[in-house]
Amino acid sequence: MASRQSSKVPGAAEFVPPTRSLAVLAEAVQGCRGCDLYRNATQAVFGQTGSSAKKPRLMMVGEQPGDREDREGVPFVGPAGRLLDQCLEEAGIDRREVYVTNTVKHFKWEPRGKVRLHKKPSAGEIFACRPWLQAEIEMIEPELLVALGATAAQAILGAQFRVTQSHGEVMRAEGWPPVLATAHPASILRAPRDEDRHRQAAELVQDLRNAKKFLRK
Ligand code: URA
Ligand code: SF4
């Protein structure tokens, strides 16, 4: 997949500065032209560590910024972020000690009346943006990645990976830290029935407990 897609987009590699500073990376991502998604977004949304001074051991990887994140420049501050916060709290994980980021750093959307409707990033865009995620991983050196949803899971574990089949298990992929995939909180919020949302959120919490257990070792 990667090599076929890579010919269509320049990719982010040439925009990633050789640095040991997250702040420098976070500034440089604003100038990225590695794919076309920067054109219609307000700004790039880079990852962030919570307020704790501790070095994060856990990195969570979402899909891409949503409408709120695009306006505020901070990952997971909208409705999906609120659900994620609740699930983290229930699992006994302190969000302030987690580094939270996205697979793709610019918001992809299409107009639907007055709203900006989220659009799934393509395989080419996911591939183009991967150098930023890799740079974040090099800096943070997390002991575990939690992939929230199929986009993050497939960027790391390959296109054949199915979150529904293998969620909650720690997987190994060459060149990556150990990774545990789980559902995306935004997809849970989209489930039409209350009972499905509750069940899926409970599964997400259970997967996060597995992540916590892994870190305790
Ligand atoms: N969904 C994501 O994947 N990331 C965000 O930052 C917000 C919503
Ligand atoms: Fe660069 Fe990623 Fe934004 Fe594309 S989505 S322009 S690769 S930062």
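Trainee: How far is a nitrogen atom of ligand 1 from a polar backbone atom of glutamine 64?
Mentor: This is a predicted model, in which local features need pLDDT of at least 70, side-chain atom pairs need 80 or more, and totals for chains, interfaces and linings use all residues, while side-chain values use heavy atoms without hydrogens or water. Residues are numbered from 1 along each chain as written, and chains are lettered from A and ligands numbered from 1 in written order. The pair asked about is a polar contact (N or O atoms within 3.5 Å), and the distance from the nitrogen atom of ligand 1 to the backbone atom of glutamine 64 is 2.9 Å.

Trainee: What is the volume of the pocket whose space ligand 1 takes?
Mentor: On a 1 Å grid over the protein atoms alone, a pocket is an open set of points with protein on both sides within 12 Å along at least five of seven lines, and lining residues have an atom within 4 Å of a point. Ligand 1 takes the space of the largest pocket (more than half of its atoms lie within 2 Å of the grid points). This pocket is lined by 35 residues, with Ala80, His184, Ala186, Ser187 and Arg190 nearest its centre, and they divide into 13 nonpolar, 13 polar and 9 charged. Its volume, the space filled by probe spheres set on the points, is about 840 Å³.

Trainee: How many charged residues line the second largest pocket?
Mentor: The second largest pocket holds about 250 Å³ of space, and among its 13 lining residues Arg57, Ile93, Glu97, Lys212 and Leu215 lie nearest the centre. Its lining has 5 nonpolar residues and 1 polar residue, and the number of charged residues is 7.

Trainee: Where does ligand 2 sit?
Mentor: Ligand 2 is surrounded by 13 residues, the closest being Cys32, Cys35, His106, Cys129 and Trp132, and this shell divides into 10 nonpolar, 2 polar and 1 charged. The model has 1 cavity of 30 Å³ or more, a cavity being a set of points where a 1.4 Å probe fits but cannot get out. About 110 Å³ of space lies in the largest cavity, and of its 15 lining residues the closest to the centre are Cys32, Gly34, Cys35, His106 and Cys129. The space that ligand 2 takes is the largest cavity.

Terms used
Near = heavy atom within 4 Å. Nonpolar A, V, L, I, M, F, W, Y, C, P; charged D, E, K, R; others polar. Polar contact = N/O pair within 3.5 Å; in protein donor to acceptor, adjacent residues only side chain to side chain.
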